[in-house]
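This report describes a structure chain by chain. Please look it over before reading on.

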Amino acid sequence: MSHLVSLDPRISRLGIPAEIDLNSDKTLSDQLSTFEVFHQKKEGAVYQHVGPVHANTPDLAFLFAKEQYSRRFTCTGIWVVPTSSISVTPNAEPGVNIYSILNFDHKFEEGTPVLFTVFHQKKRGAHHECMGEVTAASSDEALYHASLKYGESGPVVNVWIIPSEKITKSSAEDVEFWNTLSEKKYRDASVWRVMDKITKFKEEQKSGN
Amino acid sequence: MYGGGNIFEPTKLEELNAEDPIKLAAFEARILQGEKIEPNDWMPQMYRKQLIRMIEQHAHSEIIGALPEGTWITRAPGFRRKMAQMAKVQDEVGHGQLLYSAAETLGKTREEMINDLINGKSKYSNIFNYPAFTWADSAIISWLVDAGAIVNQMANAKGSYGPYSRALDRICAEESFHLKYGHDSVVHLATGSPKQRQMVQEAITRWWPPLMHFFGPSDKISAHTEILMRWKVKMASNDDMRQQFLDMYVPKIWELGMVLPDPLLCKNEETGKWDYTEPDWEEFKRVINGDGPCNKERLAVRKMAEENGAWVRRALQKPEAKYVTPLA
C-alpha cells in the first residue's frame, strides 16, 4: 500500500496510508465531562464566566482552563466548576428582572445549610458575574436568598447558583503562573512594527535604488 | 484564523411553518432590538441547525488551518519567528476549542463534531486545502488569510447568538497579533533581497485565487440567505465582505511593489467598488467536494491524530463522569 507523501517531511515519515477511509466513524466514547471556567481579571475584580472546558477531574479542568483562558491575557485567579453542579434560572425578557417572575411560594427542602455562590448575567450577551455567597439547605432556597440579597442590585437576566464546595479555586501562590506573560512579547500585536521598513522601502524605490 | 464563505444549507422556508408563530415573532423581535439569543432561549429549529453548521465549520477551520502553518514551525527563519509561529498555531487550536464549545451549547457534542470532520461530512474553510510550499506561503497565510478571517469575524461578533459572539470577541483580540506578525513577515521578505521578493511574489500569485474564493461564491450565484441575515446569523453578504477585504489589503500589497495576478483588478471610481475577474467557482466547488491538492492529507493527518490520542482520552475516562451540555 502506498503512503501519503507531504511537503512536510514529518508527515511523510508517519507512513499514513495514501487512501484514507472517510466513511468510518470514530469511537464516540471518549467525551469527557464539562466544567465552567471563571476568571478574575485583576486583584479585587469580581470573578467572571469565560467559557467551558472538557476534563475528567477538577485538576485537569484547571490545567485546561489555564491554557485556554489565561494563555494570552493575564488574570489573578481562576475557578472551575462542574457544569452539572450549576443550577440555572430561565432567561428574563429585556427590561424584566428575572427574580420578579420566579415563584418562591413553596416550601424549601430541609437539610444542613451550606454556602452557595451566586452569579448574575446582567444583560443578554454579557458574561455571568459573581455576586457573592448565600447560606441555604438547597439551591432552590439559595436562589430565594439571592433574590433578597442581590435582587435589587440592578438588571438581572439570568442567575446561576453553585454549591460553593464545588468550586475549585486557584490559590494565592498560583498567581505566579500569570507573571510570566510579560516575557512573551513576541506574541503581542504591538511589537510587530512595519511602518519604518515600508517607508524606507518606498523611499528607496523613489530614488531608484 | 478562519475561512469565511460558509456553506449554508439552502433554507427551506416551509420548515418555519412548523414553528409556533407567537414564539417566532417574539424571537424575531428580540433580534431586531439588537438583543442576543442565549442557549436556553426558545429558537426556531432552522436557526439552531444553521448556527451549529456555521460555528462547527468555523471550529474545524481553526483546527485544520493550524496544519499548513504548523508545518513551518520547525523551519521558521530565526528563533523569534519560531516562537511567534508556535504561539499563533497554539492560538488557532485554542480558537477551535472555544468555537466547539459555543456550538455545543446548541446541542451537538464535541465528539459528534470531530467525528463529522474526520468522516468528511462537515466542511472547513476551503483555503486550507492548498499547500504552503515555502516560508513565504506561511507568511501570506498569517497576513492575508487572517486578514480575511478578521473581516468575517468582526462582522460575525455582532451576530445574534450570545455564546458565539463572546467567543469571537476573545478570538478577534488574539487575531490582531496574527495579522501584525504576518504583515511583518511579508514586509521583511518584500523589502529584502531580490530572491526574497521573488518568494513573496510567487506566494501571492499562488494564494490570490483561493483568497478570492475565501468569502464564498458571488452573491449572484450563492444560496439565498435573507432569513439568515434577518436573524443575524450571517452578518454581511459574501461580495460585501470581499469588497471590504480588497479595500483594506490591495493597497497594502501594491505598496510593496507586488503584482496581483488579475489584470482586471482595480477600484472603479464610479461605483466605488473593486472590479475583478470573476473567480473560478467551479474550482471552488471541486475543491470543497474533496478534489483539492491537500484535502486528503488534511483529513488523514487529523484522523491519525485523533486515533493516536484515543488511548489518552480512554485512560482519562471516569465511569461516573456524565457529559452535560456547557452552559454559555
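This is a predicted model: local features need pLDDT of at least 70, side-chain atom pairs count only at pLDDT 80 or more; totals for chains, interfaces and linings use all residues.

Residues are numbered from 1 along each chain as its sequence is written, while chains are lettered from A and ligands numbered from 1 in the order in which they are written. The model scores ipTM 0.92 and pTM 0.94.

Helices (H or I, at least four residues) and strands (E, at least two) are DSSP runs, numbered from the N terminus. Chain A contains four helices and eight strands. Their order from the N terminus is α-β-β-α-β-β-β-β-α-β-β-α. Chain A has a radius of gyration of 25 Å, well over the 17 Å that the globule rule gives for 209 residues, so chain A is more spread out than a compact globule. The radius of gyration is taken over C-alpha atoms, and the globule rule is 2.2 Å times the number of residues to the power 0.38.

Chain B has eleven helices and two strands, in the pattern α-α-α-α-α-α-α-α-α-β-β-α-α along the sequence. For chain B the radius of gyration is 20 Å, close to the 20 Å that the globule rule gives for 328 residues, so chain B is as compact as a globular protein of that length.

The table lists further values for each chain. A residue is buried if 20 or more other C-beta atoms lie within 10 Å of its own, exposed if 12 or fewer, and partly exposed in between; C-beta atoms are placed from the backbone.

| Chain | Span of the C-alpha trace along the principal axes | Buried residues |
|---|---|---|
| Chain A | about 80 × 60 × 40 Å | 30% of 209 residues |
| Chain B | about 65 × 60 × 35 Å | 49% of 328 residues |

Two residues are in contact if their C-beta atoms, placed from the backbone, lie within 7 Å. Among contacts in chain A between residues at least 6 apart in sequence, those that join residues at least 24 apart make up 60%. In chain B, 79% of the contacts with a separation of 6 or more are between residues 24 or more positions apart.

**Domains of chain A**

Chain A is assigned domain 1 (31–84) and domain 2 (86–168); such bounds come from an automatic or database domain assignment. The centres of the two domains, taken over C-alpha atoms, are 20 Å apart. Their contact takes 14 residues from domain 1 and ten residues from domain 2. On the domain 1 side, β1 (33–40), β2 (48–55), α2 (58–70) and β3 (77–82) of chain A each supply at least two residues. The most come from β3(A), with four residues. By class, this side of domain 1 has ten nonpolar, three polar and one charged residues. Here Ala, Val, Leu, Ile, Met, Phe, Trp, Tyr, Cys and Pro count as nonpolar, Asp, Glu, Lys and Arg as charged, and the others, Gly among them, as polar.

**Where the chains meet**

Between the chains, 60 residues of chain B are in contact with 52 residues of chain A. On the chain B side, α3 (79–104), α4 (110–118), α6 (162–190) and α11 (295–316) each supply at least two residues. Of these, α11(B) gives the most, with twelve residues. The chain B side has 23 nonpolar, 17 polar and 20 charged residues.

**Nonpolar cores and two residues**

A nonpolar core is a set of buried Ala, Val, Leu, Ile, Met, Phe, Trp, Tyr and Cys residues joined through C-beta atoms within 7 Å. In the largest core, of 74 residues, B:I55, B:A103 and B:I140 touch the most other members. Its largest share, twelve residues, comes from α5(B). Apart from this core lies another, of 38 residues, among them A:Y69 and A:W160.

B:I253 is in helix α9 (residues 238–254) of chain B. With 20 other C-beta atoms within 10 Å, B:I253 is buried. Not counting residues up to four places away in sequence, B:I253 touches B:I204, B:M258 and B:L260.

B:K232 lies in the loop between α8 (226–230) and α9 of chain B. Although B:K232 is not a glycine, its phi is positive, at about 55°. Is B:K232 buried or exposed? B:K232 counts as buried, because it has 20 C-beta neighbours inside 10 Å.
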